[in-house]
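Subject: Structure handover and side-chain contacts

Hello,

Here is the structure for your files. My notes on its side-chain contacts follow.

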Amino acid sequence: MGDNNVYESSCIAQITGETLRPGGFSLTKKAIDYCNIQTSGQVLDLGCGNGATVRYLHEEYDIRAVGVDASRKLLNEAKRAGEGVFVYGFGEMLPFEADKFDMVIAECTLSLMYDKQRVLSEVFRVLKPQGWFVITDVYAKNPEYIDGLKMFKVNTCLGGLHDLDKLRDDIIDRGFEVQVLEEHSHELKDLMVKIIFSYGSMKAFWDQTTDSSDAQLGQKFQQNLGLCKPGYFLMIGMKVKSYG
């Protein structure tokens, strides 16, 4: 498996639909309602992909969000799909001024980013005081096995499973107060069932989405993933300190 962006593959879109993540918009809605974001609220979708959440926020809440992503392919899809502001950029160096946004959403994208500590610092910087940081993502219920995934250069959220306890501590250390931390692993389980139903096995899915020339690598990746025992979570933090 070389450096493959699984989220750019049409195979994953066929399973998840436009959101490219487990659970669709259910947790997006929960976060917006919990944080009571108003129409005038400034929202950043961190890793916006094809713009599905930006469009959802506009259509359902009349919120005009901004999307940022490092995939030019998906950004082009987002721009073609409809209204929205979409910016090329990386989570480690967000192209926005400090104290700009009321909310930053990272839906199954923080796990894809190379320098998570720097991303957390950037999110903190661009959020207003009392701004919200919403994360839905994958984690390892057995985090002691996470290092076994690092040999596989596959750009998928499942290759970057979080140690949830460490992530929560890092969020707090960065200046956030964690107000919500919920288990939603059933959403991930439902997605895996759909993949197996469509492809026959997870190995067959990995082989096709990563275009692997080594038939054993998909199986090895799935074995290492199984040891980690992936789960899915929702975390909502509030910025409680001032930047700098």
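A residue is called buried here when its relative accessible area is under 20%, exposed when that area is over 50%, and partly exposed in between. By that definition R125 is buried, and E122 is buried too. Please keep in mind that this is a predicted model.

Confidence

The mean pLDDT of the chain is 85, and 79% of the residues reach at least 70. Where pLDDT is low, the predicted coordinates should not be read in detail.

Salt bridges

Side chains of opposite charge can pair when their charged atoms come close. There are 9 salt bridges in the structure. I describe some of them below.

R125 and E122, the buried residues named above, are joined side chain to side chain by a salt bridge with an N to O distance of 2.8 Å. Both belong to helix α5 (residues 116-126), where they are 3 residues apart, about one turn of the helix.

D170 is buried because its relative accessibility is 14%, whereas K166, at 44%, counts as partly exposed.

D99 and K239 also form a salt bridge through their side chains, at 3.1 Å from N to O. D99 is in the loop between β4 (85-88) and β5 (101-107), and K239 is in strand β9 (residues 230-239), so this pair ties together parts that are 140 residues apart in sequence. K239 has a relative accessible area of 1% and is therefore buried. D99, with 38%, is partly exposed.

Charges over rings

K239 has a second contact to note: this residue lies over the face of F124, 4.6 Å from the ring centre. In another case of this kind, the charged end of R72 sits over the ring of Y88, at 3.6 Å from the ring centre.

Aromatic pairs

A pair of aromatic rings is described by the distance of the centres and the angle of the planes. Searching the whole structure gives 8 aromatic pairs. One of them is Y34 with W132: the ring centres are 5.8 Å apart and the planes stand at 80 degrees, so the pair is edge-to-face. The cut-off behind that label is an angle over 60 degrees. Y34 is part of helix α2 (residues 26-35) and W132 is part of strand β6 (residues 127-140), so the pair ties together parts that are 98 residues apart in sequence. W132 is buried, with a relative accessible area of 12%, while Y34 is partly exposed at 41%.

Y88, the residue under the charged end of R72, also pairs with F90. That pair is edge-to-face, with 5.6 Å from centre to centre and 80 degrees between the planes. Both residues are partly exposed: Y88 has a relative accessibility of 33% and F90 has 41%.

There is also an aromatic cluster made up of F25, Y56 and Y61.

A polar contact at Y61

Y61, a member of that cluster, makes a polar contact with D33, side chain to side chain, at 3.1 Å. The two residues are 28 apart along the chain, and their C-alpha atoms are separated by 10.0 Å. D33 is located in helix α2, the helix that also holds Y34. With a relative accessibility of 40%, D33 counts as partly exposed.

Cysteines

How many disulfides does the count give? The count is 0. A disulfide is a covalent bond between the sulfur atoms of two cysteines, and the test applied here asks for sulfur atoms within 2.5 Å. Among the cysteines, C35 is buried at 6% relative accessibility, and C228 is buried with a relative accessible area of 0%.

Regards

Terms used
Residues are numbered from 1 along each chain as its sequence is written. Side-chain values use heavy atoms; hydrogens and water are left out. Rings of Phe, Tyr and Trp (its six-membered ring) pair if their centres lie within 6.5 Å; planes under 30 degrees apart count as stacked, over 60 as edge-to-face and the rest as tilted. Helices (H or I, at least four residues) and strands (E, at least two) are DSSP runs, numbered from the N terminus. Buried means under 20% relative accessible area, exposed over 50%, partly exposed in between (1.4 Å probe, protein chains only). A charge sits over a ring if NZ of Lys or CZ of Arg is within 6 Å of the ring centre and within 35 degrees of the ring normal. A salt bridge is a side-chain nitrogen of Lys or Arg within 4 Å of a carboxyl oxygen of Asp or Glu. A polar contact is a pair of N or O atoms within 3.5 Å; within protein, one must be able to donate a hydrogen and the other to accept it, and residues adjacent in sequence count only if both atoms are side-chain atoms. pLDDT is the predictor's confidence in each residue, from 0 to 100.
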